[in-house]
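Open the model in your viewer and keep the selection panel at hand. The tour moves from one selection to the next.

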Amino acid sequence: MSLFQQPIRVRMAPSPTGFLHIGGARTALFNYLFAKHYKGTFVLRIEDTDKERSTKGYEKAIIEDLGWLGVEWDEGPLKEGSYGPYYQSQRIPTYQKYLKKLEALSKVYPCYCTAEELETERQDLLKRHKTPRYLGKCRNLTQQERKALEAQGRVPVIRFKIDETEPIQFHDLIRGDISVDPTILGDFVISKGDGWPLYNFAAVVDDCEMKISHVIRGEEHISNTPRQILLAKTLGLTLPQYAHVSIILAPDRSKLSKRHGATSVGEYRKMGFLPQALKNYLALLGWNPGDEREMMGEEELAKDFVIERMVKSPAIFDVEKLKWMNGMYIRNSSVEAMTKETLPFLESYGLEIQNKKMPWLNSIIETVRGSVDTLDQIGPAAELFFDEKFSLNAEAKTYLVQNKDKAKEILKTLDDLLAKTPLLEKEEFQKLQAELKEKVDASDKKILFQVQRVAVTGRLKGPEMNMIMPILGVDSCRKRIHITQSALS
RNA sequence: GUCCCCUUCGUCUAGGCCGGUCUAGGACAUCUCCCUUUCACGGAGACGACACGGGUUCAAAUCCCGUAGGGGACGCCA
């Protein structure tokens, strides 16, 4: 199979003009898994040729988010390899070299058209129901004409000449054969006024120079592919194979954007999603293992990841399913690991954790993690274990008032029993409940427990009491009971 | 507008290349029941789809054509 005739090299080529988008992360992940599956190389290349919009801040954020997701690259920034530099801004001489070659072949020419002129042409074409494209006005300018235009102060861009008339065909690993009529393309700009290359030129040169074997990218690039193929063919470069991944859509079937809520990886991290959950979910958007497995760790994903199983229709990003999966990871990972992940969320929620012991925090996480699906829900759920946050909420108060006499009796008895209980582990808790049941008329088991719950946690709902009370300990329980009692009298 | 791509439950998808085994399977969500001192978790079940129209065939979710709908591209952005 031609897939294996060369070393597998793939790349992720983000431009640092924004944060790492959920779609970009998925594309990166597919490249990463593909490389891992075939024991190939995953290259990270920063496409920072847009000087106006690229920032170091975005670059840093993208690298950070990729790292958080665990999508590690083998070559790229911070990991030099033999095909660097990995910043397009540092590869200008390379593009100039290829531009010279194109000039020697007379395949490029300077274009002096202004933005206004181009827009007029575009509108005119649109009006005539034609595909808007550059018609080649500057194609056959004489030397004198060029000089004259430059004397006016016009700075030219460089356009690539398209002479082909035969359809450009290529085989897409996901979509099959794609054919495009080159006459609708128009001579396109490959180099800006300042001499820097444009995307189509820089990308194809780098893909070829970096010996990329498979370009796995978003479907928005399908229409760029014929241009890149033409460029590569003219330059005598060996093309990679292409695989265009469908894009991720918002629930309303439009392109996922800010107005639909969180779109960047960083935002999901802040909301308390686990990288392994996001990775698992993203991998399943547009790919499946061919059987009914869904919960898949990275090793398992890489082992089974093949392009043949990629889906070509676009997928809608369903945060509900992501949440479910995240909850699964929160519940099924080791308690220690989850506590570690949760600590920052506890802190930012305003819980005092500095002087708390790890085993105590672990037991809290273990008790509350069943009811959450993101890490940032753990703060509100764990709050009841922190004495300084104790208070009766409205429905708790109402409940107590409604059952005032019974509540008083239960609490008095409970407090007395607690006073005689030195330690409060689960065993003692059971014993204590048995004694309580004897001393208080417990025909209504529900009231017995609910009163205790409300008095100790201040809430009507929560984890099981046999988990809560041992974690709190005797002193804390009694303190809370006293507070509740005084609220009742 | 033009070109390219896409179309199975509300959503992610299996099946489609090699037509019958598909009264279309799984998962999320929703609903019901069970577990249970509460809320969750967990367990069991229910609801729910081959976009439409032609054709080929004994037989079509699966092959062919058309229509409709959706998306992408058409930049001195990537």
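A polar contact here is a pair of N or O atoms within 3.5 Å; within protein, one must be able to donate a hydrogen and the other to accept it, and residues adjacent in sequence count only if both atoms are side-chain atoms. This is a predicted model, in which local features need pLDDT of at least 70 and side-chain atom pairs count only at pLDDT 80 or more, while totals for chains, interfaces and linings use all residues. Residues are numbered from 1 along each chain as its sequence is written, chains are lettered from A and ligands numbered from 1 in the order in which they are written, and side-chain values use heavy atoms, with hydrogens and water left out.

**Stop 1: RNA strand B**

Select asparagine 288. An N or O atom of its side chain sits 2.6 Å from a phosphate oxygen of RNA strand B. Go to arginine 331: here a polar side-chain atom is 3.3 Å from a phosphate oxygen of the RNA strand. Arginine 53 reaches a base instead, with a polar side-chain atom 2.9 Å from a base nitrogen of RNA strand B.

Now show every residue near the strand (a heavy atom within 4 Å of it). There are 63, and Thr131, Pro132, Arg175, Glu294 and Gly462 come nearest. Colour the surface by residue class: 23 are nonpolar (Ala, Val, Leu, Ile, Met, Phe, Trp, Tyr, Cys and Pro), 24 charged (Asp, Glu, Lys and Arg) and 16 polar (the others, Gly among them).

Helices (H or I, at least four residues) and strands (E, at least two) are DSSP runs, numbered from the N terminus. Among the elements supplying at least two residues each to this surface are helix H4 (115-127), helix H11 (319-332) and helix H18 (445-457).

**Stop 2: the largest pocket**

A pocket is an open set of points on a 1 Å grid over the protein atoms alone, where a 1.4 Å probe fits, with protein on both sides within 12 Å along at least five of seven lines; lining residues have an atom within 4 Å of a point. Centre on Ser15, His21, Gly24, Glu220 and His221, the nearest to the pocket's centre among 41 lining residues. H1 gives the most to this lining, five residues. Domain 1 (9-88 + 248-316) and domain 2 (91-245) both contribute to the lining, so the largest pocket lies between them; the domain bounds come from an automatic or database assignment.

**Stop 3: the second largest pocket**

Select Leu118, Arg133, Tyr134, Arg159 and Asp187, the closest to the centre among 14 lining residues. H4 returns here as the main contributor, with four residues.
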